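Dear colleague,

I am handing over the structure we spoke about, and I would be glad if you looked through it before reading my notes. What I found is set out below it.

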Amino acid sequence: MSDGQAQDGSCGRAAEHVDVLIVGAGISGLGGAYHLRQRSPDTSFVILETFDSFGGTWWSHRYPGIRSDSDLYTFGYGFKPWTGPPIATADEILAYLGEMIEENDLARSIRYRHRIDSASWSSAANLWSVTATRLETGETVRFTARFLYMGQGYYRHREGFWPDWPDKDRYKGRLVHSEEWTDDIDYTGRTVLVIGSGASAATIVPNMCDKARHVTMLQRSPTFFRTGRNAIEIADHLRMLKVDETWIHEITRRQILYEQATFTGRTFTEPEKVREELLGEVRRLLGPDFDVDTHFTPTYRPWRQRIAFVPDADLFQCIADGRASVVTDEIEHFTDTGVQLKSGRTLDADLIVAATGFNMNALGDIAFEIDGKPLDFHETVTYRGMMFTGLPNLVWVFGYLRAAWTLRADLVADFFCRLLAHMEANRAERVEVALRPEDADMPLLDWVSSENFNANYVTRSLHLLPKSGDKPEWQHTQDYWRDKDDFPAIDLGGSEFVYGGRSAEGAPAAVPEDPVAAE
């Protein structure tokens with residue numbers, strides 16, 4: 001492996017060279033760095049991060065009550081026990097990540113305030129050339145790398161999705177998107193309208209209720225929720241017995257994963273029964289007089305969109321005691337004082353919060369070129385959601401939509417380290433995936449089927465995302481229980497992997513069967 005300076009042919013200036021350039025210092029990028037440090041200690045790497053600090057989502061999101069919607073026993077890393085409440089605040093998650101950075105000496109490898117502008121692959125050099133801007137000074141800086149590890153996430157931070165609402169500019173109060181929240185927003189004693197009903201809205205509404213005069217959640221259509229105590233009984237019991245935290249983390253993690261897999265399976269095999277269980281809990285919390293059919297009964301099958309967990313039922317407690325209310329309707333247009341609904345009803349508010357989701361991006365909105373030709377990411381085909389046809393020496397972390405993101409981040413990082421070791425042992429300098437002869441007639445499909453998962457932020461962005469096939473290896477399966485067995489068994493000598501480079505004797509590198517998979 002190598003480190004140091006390389007000549008950047010595009011301008012003749014020296015560029016900093018690393019084996020692996022990691023994009024993003026969020027939970028994916030930091031996890032990838034940990035695995036490299038542990039599994040491939042001779043591999044040089046640098047992490048480039050646009051923001052002022054680490055954490056990604058947990059640093060950029062600032063709205064009231066920002067918290068996880070996955071439990072931290074599975075959203076946390078498999079290698080670092082989580083010891084706090086299962087649903088954690090952003091500050092608790094940042095503290096956890098900060099500890100991980102310190103424990104593994106990763107801080108020296110992170111370059112903050114570095115925005116990557118372009119990445120260009122050269123087949124002649126078997127290298128990526130990356131151009132970035134150092135935001136403190138505006139200076140252009142350049143790197144070369146053998147591999148890119150894309151841990152930047154999948155949406156544009158600090159930029160929310162704004163529906164095309166008529167007359168939005170008429171409103172004379174303050175209108176803010178949850179993704180663009182700033183610390184100067186004061187809602188004490190004010191009437192607040194929150195537009196949306198996803199995980200962000202379900203967090204914002206109960207966390208504004210204590211200070212606001214009243215909070216109304218306006219939704220176009222209902223969403224499924226799960227509720228429960230913000231605690232895990234088995235973890236609390238094991239702690240009472242003074243069991244080691246490493247054991248507690250692993251045992252609790254396995255129980256949660258088993259329960260999640262069972263629940264997800266039931267949403268496919270007995271969706272109506274699951275629907276009634278979810279709605280039954282809402283009816284219990286809100287009482288017999290609340291119109292659950294209108295406000296909390298979605299038309300879609302459970303888990304076709306993400307189900308947010310509401311810890312301690314705080315959203316429903318606020319609705320039940322009158323501090324918050326729910327309106328299910330569509331916006332006709334904005335007025336000077338609020339919104340006019342299609343039903344004819346008006347809602348006035350001092351502050352309107354648009355919790356309407358985010359804009360997905362492809363590969364961090366970086367301008368990619370392959371041998372001088374701009375990359376059309378949508379025309380590639382994904383290999384297990386992490387590599388792509390025609391895109392050499394690049395691995396992308398895209399987590400699960402129905403389970404904790406980090407579960408897949410750990411699997412991808414393990415695979416990546418094994419791939420690097422395989423290439424090093426066989427003197428290969430590049431690798432890309434390609435459809436095999438038996439895949440010639442395989443239908444090419446969207447990244448994810450709308451019958452499987454139809455969240456708006458995904459469906460309106462499918463034109464940006466790669467294609468998939470009808471075979472598991474050419475899909476992002478969204479199935480952790482399958483991936484946890486399949487990923488370690490991937491045959492790196494399989495015909496879907498096309499290697500290149502030169503051996504020490506100058507002959508083309510020959511890549512034999514993967515000895516790990518062969519065992």
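What radius of gyration would a compact globule of 519 residues have, and what does the protein chain have? Please keep in mind that this is a predicted model. A compact globule with 519 residues would have a radius of gyration near 24 Å, and because the protein chain has 24 Å, the two agree. Taken along the principal axes, the box that the C-alpha atoms fill is roughly 80 × 50 × 50 Å.

Within the protein chain there are 14 helices and 26 strands, and 54% of the 519 residues count as buried. If you consider the contacts between residues at least 6 apart in sequence, 70% of them join residues that are at least 24 apart. The protein chain exposes about 22100 Å², of which carbon and sulfur atoms supply 48%. As for charge, there are 54 positive and 78 negative charges, and their mean positions lie 2 Å apart.

I also looked at one residue in detail, namely proline 81, which sits in the loop between helix H3 (72-75) and helix H4 (90-103). Apart from its neighbours within four places in sequence, proline 81 is in contact with Tyr96, Glu245, Thr246 and His249. By contrast, leucine 148 is 67 residues away from proline 81 along the chain, and their C-alpha atoms are separated by 28 Å.

Note on methods
Residues are numbered from 1 along each chain as its sequence is written. This is a predicted model: local features need pLDDT of at least 70, side-chain atom pairs count only at pLDDT 80 or more; totals for chains, interfaces and linings use all residues. Side-chain values use heavy atoms; hydrogens and water are left out. Helices (H or I, at least four residues) and strands (E, at least two) are DSSP runs, numbered from the N terminus. The radius of gyration is taken over C-alpha atoms; the globule rule is 2.2 Å times the number of residues to the power 0.38. Buried means under 20% relative accessible area, exposed over 50%, partly exposed in between (1.4 Å probe, protein chains only). Contact means heavy atoms within 4.5 Å. Accessible areas come from the Shrake-Rupley method with a 1.4 Å probe; for residues, only the protein chains shown count as cover. Lys and Arg count as positive and Asp and Glu as negative; His and the chain ends are not counted. The place of a charge is taken as NZ of Lys, CZ of Arg, CG of Asp or CD of Glu.
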